[in-house]
Amino acid sequence: MSDENEDRPKRLALIASKGTLDWAYPPFILASAAAAMGWEVSIFFTFYGLTLLLPELDAEVSPLGNPAMPMKLPFGPAKLQNMDLPIPTALQSFPGFNAAATAMMKKTFKNKGVATVGELREMCTDLDVEMVGCQMTMDVFGFKKEDFIPEAVIGGAATFLDFASKADVTLFV
Amino acid sequence: MSETFQADKVLDCSGMLCPVPVVKTSKAIKQIEVGQVLKMIATDPGAPPDMVAWAKNTRHELLDSHQEGDKFIFFLRRVR
């Protein structure tokens, strides 16, 4: 089991296509961990993932249409916190429910010691993770390069494929 | 096999979850000289396998990894 080209850094190519709080985590976690291991990393942000390039991150999460998402109480006795709250689907469609579910998830993450999405993104920029905004979807959703964090660059499918063609790990998130 | 090494720097990642201990370790190892030893302390049970993978990928040397109560202790030598 000999690693070939030992001196070439490994490469990770990610596509981040989702902008909800739960799906914002995987690309930034994998990218920061890989960069911390000396890998070259590029994340291609497309469709709803583009919002993860905005300076103010306000990713939310909804249990609606997300039936496996556990609803956990972020306070109270441990036994209660570990319980999955049985909230009727109809109730989940009320205004403000996403904000409440988001606040609960953020609080639970904080209690457990999980970094925020913003902190993870900052770790990525510190570690020189390349962040590419997809020009086509930017046009569709009305984003300009200036809307994004200064570290973001712009590219298209060919840009991603060129990087991915030399990547050791490629994932679509 | 909890051999103790002389640490030139100590990094406490207690209470932090994946991937923060790995990211902080990669920063801390750059703050010591080649040949020096970093002691890292973590409470995340994911840290022991992650530090093995980190050392393998960065080619720094994981001198020792052991558990003391709820703490995981790592001694890492900067190789390059």
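**Entry 1: a proline in chain B**

I located B:Pro19 in the loop between strand 1 (9-13) and helix 1 (20-29) of chain B; helices (H or I, at least four residues) and strands (E, at least two) are DSSP runs, numbered from the N terminus. I noted that this is a predicted model, in which local features need pLDDT of at least 70, side-chain atom pairs count only at pLDDT 80 or more, and totals for chains, interfaces and linings use all residues. Residues are numbered from 1 along each chain as its sequence is written, while chains are lettered from A and ligands numbered from 1 in the order in which they are written.

I then looked up the peptide bond from B:Cys18 to B:Pro19 and found it cis, with omega near 0 degrees. I recorded the background: most residues other than glycine have a negative phi, and most peptide bonds are trans.

**Entry 2: positive phi in chain A**

I found A:Phe47 with phi near 45 degrees, a positive value in a residue other than glycine. A:Phe47 lies in the loop between strand 2 (40-45) and helix 2 (78-81) of chain A.

A:Asp128, also not a glycine, has a positive phi of about 65 degrees. I placed A:Asp128 in the loop between helix 4 (117-126) and strand 3 (130-134) of chain A.

Is A:Asp128 buried or exposed? A residue is buried if 20 or more other C-beta atoms lie within 10 Å of its own, exposed if 12 or fewer, and partly exposed in between, with C-beta atoms placed from the backbone. A:Asp128 counts as exposed because it has 10 C-beta neighbours inside 10 Å. A:Phe47 has 16 such neighbours and therefore counts as partly exposed.

**Entry 3: two helices**

I examined helix 1 (residues 21-36) of chain A against helix 1 of chain B: their axes come within 9 Å and cross at roughly 30 degrees. Axes are lines fitted to C-alpha atoms, for helices over the stretch in contact, and angles run from 0 to 180 degrees between N-to-C directions. The two helices are therefore roughly parallel, a term for angles under 35 degrees.

Which residues make the contact? I listed A:Ser32, A:Ala33 and A:Ala36 from helix 1 of chain A, and B:Val22, B:Val23 and B:Ser26 from helix 1 of chain B; two residues are in contact if their C-beta atoms, placed from the backbone, lie within 7 Å.

**Entry 4: neighbours of a leucine**

Not counting residues up to four places away in sequence, I found that A:Leu14 touches A:Pro27, A:Leu30, A:Ala31, A:Ile43, A:Phe44, A:Leu171 and A:Val173.

Conventions: Angles under 35 degrees count as roughly parallel, over 145 as roughly antiparallel, 65 to 115 as roughly perpendicular and the rest as oblique.
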